[in-house]
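Subject: Structure handover

Hello,

Here is the structure I promised to pass on. Please open it alongside this note, and read the notes below with it.

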Amino acid sequence: MNEVFYVTTPIYYVNSHPHIGHAYTTIATDVFTRYMKLFGAETYFLTGTDEHGQKIAESAANSGIKPQEFVDKISQEFRNLWPHLHIENDQFIRTTDSKHKACVQQILQKIFDQGEIYLKEYEGLYCIGCERFLDEAELENGNCPDHQTPPEFHKEQNYFFRMSSYQAWLSEELMKNENWVYPARYRNELIQLLKNPLQDLCISRPKSRLKWGIELPFDNNFVTYVWFDALLNYASALEWPNGEKFKKFWPNVHHTIGKDILKTHGIYWPCMLKAAGIPVFKKLVVHGHWVVEGNKMSKSIGNVVDPLAMKDQLGVDGLRYFLMRDMSFGEDSNFTKELALTRYNADLANNFGNLMNRSISMSRKNFQESVPPPGAVGNQEKELHEYFAKGVQKCREYIVTFQPHRALEHVLYLSSKVNKYIDTCKPWTLTKDDKDRDRLGTVLYTALDMTRIIVGLLDPVMPKKMYTARKNLGLEQEVIRFSSFSPGLLEPGTKLPKSNPLFPKMQASNVDQDNLKNTQSEKKSNYSAPEKKDQIAIHDFQKMELKVGRIKSCRKVPKSSKLLCSEVDLGENYLRSIISGAAEFYSPEEMTGRLVIVVTNLKPVKLMGIISEGMILFSDDNGKMALIEAPDHVDPGVKVR
Ligand code: MSP
């Protein structure tokens, strides 16, 4: 694949805190990006926040703070969350950015000058939740179907965009372009919607009613309708019309969205693009919704799932895997902790984890802690190689058609195949007699080599665990290449270091007990300066690995007044979560961005249910803690001597 891949998430409203639904869209987009990169594409991944409109102005007023201050705070929450979930976006856009505002005004003016925006008196029913006028036909018992609240009646002058004149064009595009919208049922939904006459779109709000928005460039008594403003983020982020990024990435733009915003993206957006003379997006990729124990997530029911709490329970990779594997992309899916644990244990602990553990430990034991030399290849191996050759291509096809659940199902099927191969070949019966040594080498080599391919295929979903997996296979330094996902490329003699199980089995009751244990260990943990101890020899000191790390984000650990959890870049392929007891002395914002010194080879410990993988060094400052910082020009990952 020698192409570019530009992918976006919806930009999230800042009137509520991030939840598992937002996390799902963003993780899915991250996973698509990582796979496309693996397949050789040059990628660009955009996310951000949607900060104007009545809903947000009202939330700010209810909190008693100015809208700008309010949006700054919640936008930062989204921005801080993503590194904790190992999201690697290239850009984070805010609709309050001045460049974005200027772009919206430029496009409005262009369409206005073309005569496609006009002023008229309008009366209608307005839903604040949807931030749009509703048709009578859309109402359910007089309420908005999505928000179950009655819309407000408004009679006012407003500007309208002649969207109706694009109806025939849009219908034709949808009919002729079968792959425009994934999965296909959402394309059908759009085709159905277009069977009714398309209304012109009201694109302004009078300032007498709403001030929090982008002023219309041709009439300063109005601000721009929030959806018209928000959708343009996808183009403004790349600096339409002349930005280098725009020229490079726009031709292959993909939007990942939830099904709730199909109409705005599938109807308003293409008409807006057509009017502005911007080529229409390449694909709309639509997913379903997570429901909780069968119910829609809602603040009033109190069932909104916090992604960080789930991450703390399952580990970031366990969470990413569950979200990608359990939701059939495009359909709704049920979120429960039990389902997540069942999935983790079945797929990761019992199937793939077991494959890794046993193939590594048998090889270590019988071949001087190294990858064995492969002996002659028989029919069983040939059959497995064929499965893998087809399987790897199949996974790629599933990903490029946006079916990550199928891709993962297939990878785990490959893992079962190798487990079955080991069970059939029974390498443990081949260890006694020297005449079986060649065969033993072949079986273990094949198992390790296939495991290597599976690790590569799982890497975009679980980058941190797969980094450890590669370390365990002695492949830490290897660059992962899709072209190397073919049999026989594992180097015999590669050292296999001693390793712990990659996915230890989890029990529902253990999770809670661990939390309890960790509360106690938090009490015991002592971050103040150590007492004076006996002197140590230099080689004792050298056992400790110290590295420079950049804190990419930081948050307070729930239910703890002392602990902060930082996501630290140590020049590895993933970020490490590190707990420090500095919450009384530093806010998460103050920690973020600092270049610090980290002890990187401490055994991981669990504190308040979170695994901490290192220690950030502080000095004592009259009873307070003061961060020890590295010089500005040093890169993360550099050793401290
Ligand atoms: N601001 C608009 C989008 C503008 S894009 C130009 C918006 N924001 S939102 O904060 O409400 O986020 C909506 C998105 O969050 C959905 O489209 C979906 O991607 C995600 N989810 C919100 N709830 C969800 C679930 N329960 N399940 C899965 N994803 C859901 O709409």
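Two strands pair if DSSP finds at least two bridges between them. Helices (H or I, at least four residues) and strands (E, at least two) are DSSP runs, numbered from the N terminus.

This is a predicted model: local features need pLDDT of at least 70, side-chain atom pairs count only at pLDDT 80 or more, and totals for chains, interfaces and linings use all residues. Residues are numbered from 1 along each chain as its sequence is written, and side-chain values use heavy atoms, with hydrogens and water left out.

**Strand 3 and its partners**

Start with strand 3, which covers residues 42-50. Strand 1 (residues 4-8) runs parallel to strand 3, and five bridges join them. Within strand 3, Thr43 is the residue opposite Phe5. Strand 2 (residues 12-13) is also parallel to strand 3, with two bridges. There, Tyr13 has Asp50 as its bridge partner in strand 3. Strand 4 (residues 91-94) pairs with strand 3 too, in the parallel sense, over four bridges. Look for Gly48 opposite Ile93 of strand 4.

Is strand 3 largely enclosed or open? Eight of its nine residues are buried, so strand 3 is largely enclosed by the rest of the structure. Buried means under 20% relative accessible area, exposed means over 50%, and partly exposed lies in between (1.4 Å probe, protein chains only).

Next, find the open sheet of three strands, in the order 16-15-17, with mixed pairing. Strand 16 (295-296) and strand 17 (333-335) are the edge strands, and each pairs on one side only. Strand 15 (residues 290-292) pairs with strand 17 in the parallel sense, over three bridges. Val291 faces Asn334 of strand 17 across that pairing. Helix 12 (residues 316-326) packs on the sheet and touches strand 15 and strand 17. The direction of helix 12 makes about 155° with that of strand 17. Contact means heavy atoms within 4.5 Å. Axes are lines fitted to C-alpha atoms, for helices over the stretch in contact, and angles run from 0 to 180 degrees between N-to-C directions.

**A helix pair**

Now go to helix 14 (residues 379-400) and helix 15 (residues 404-425). They pack at an angle of about 170°, with their axes 8 Å apart. That makes helix 14 roughly antiparallel to helix 15. For reference, angles under 35 degrees count as roughly parallel, over 145 as roughly antiparallel, 65 to 115 as roughly perpendicular and the rest as oblique.

Helix 14 brings residues including Leu384, Tyr387, Phe388 and Tyr398 to the contact. Among those from helix 15 are Val411, Leu414, Val418 and Tyr421. The contact residues divide into 14 nonpolar, four polar and four charged. Here Ala, Val, Leu, Ile, Met, Phe, Trp, Tyr, Cys and Pro count as nonpolar, Asp, Glu, Lys and Arg as charged, and the others, Gly among them, as polar.

**Domains**

The chain is divided into domain 1 (4-287), domain 2 (326-484) and domain 3 (538-627). These bounds come from an automatic or database domain assignment. The centres of domain 1 and domain 3, taken over C-alpha atoms, are 38 Å apart. Five residues of domain 1 are in contact with ten residues of domain 3.

**Single residues to check**

His255 lies in strand 13 (residues 253-258). His255 counts as buried, at 0% relative accessibility. Leaving aside neighbours within four places in sequence, His255 is in contact with Thr8, Tyr234, Trp269, Phe281, Lys283, Leu284 and Val285.

Most residues other than glycine have a negative phi, and most peptide bonds are trans. Some places here depart from that pattern.

- Tyr182 and Pro183 are joined by a cis peptide bond, with omega about -20°. Pro183 sits in the loop between strand 8 (181-182) and helix 6 (184-193).
- Trp240 to Pro241 is also a cis peptide bond, with omega near 0°. Pro241 is in the loop between helix 8 (233-236) and helix 9 (244-249).
- His86 is not a glycine, yet has a positive phi of about 60°. The loop between helix 3 (67-84) and strand 4 holds His86, and His86 counts as buried at 4% relative accessibility.
- Glu131 has a positive phi near 55°. Glu131 is in the loop between strand 5 (117-127) and strand 6 (132-134), and is buried at a relative accessible area of 1%.

Best wishes
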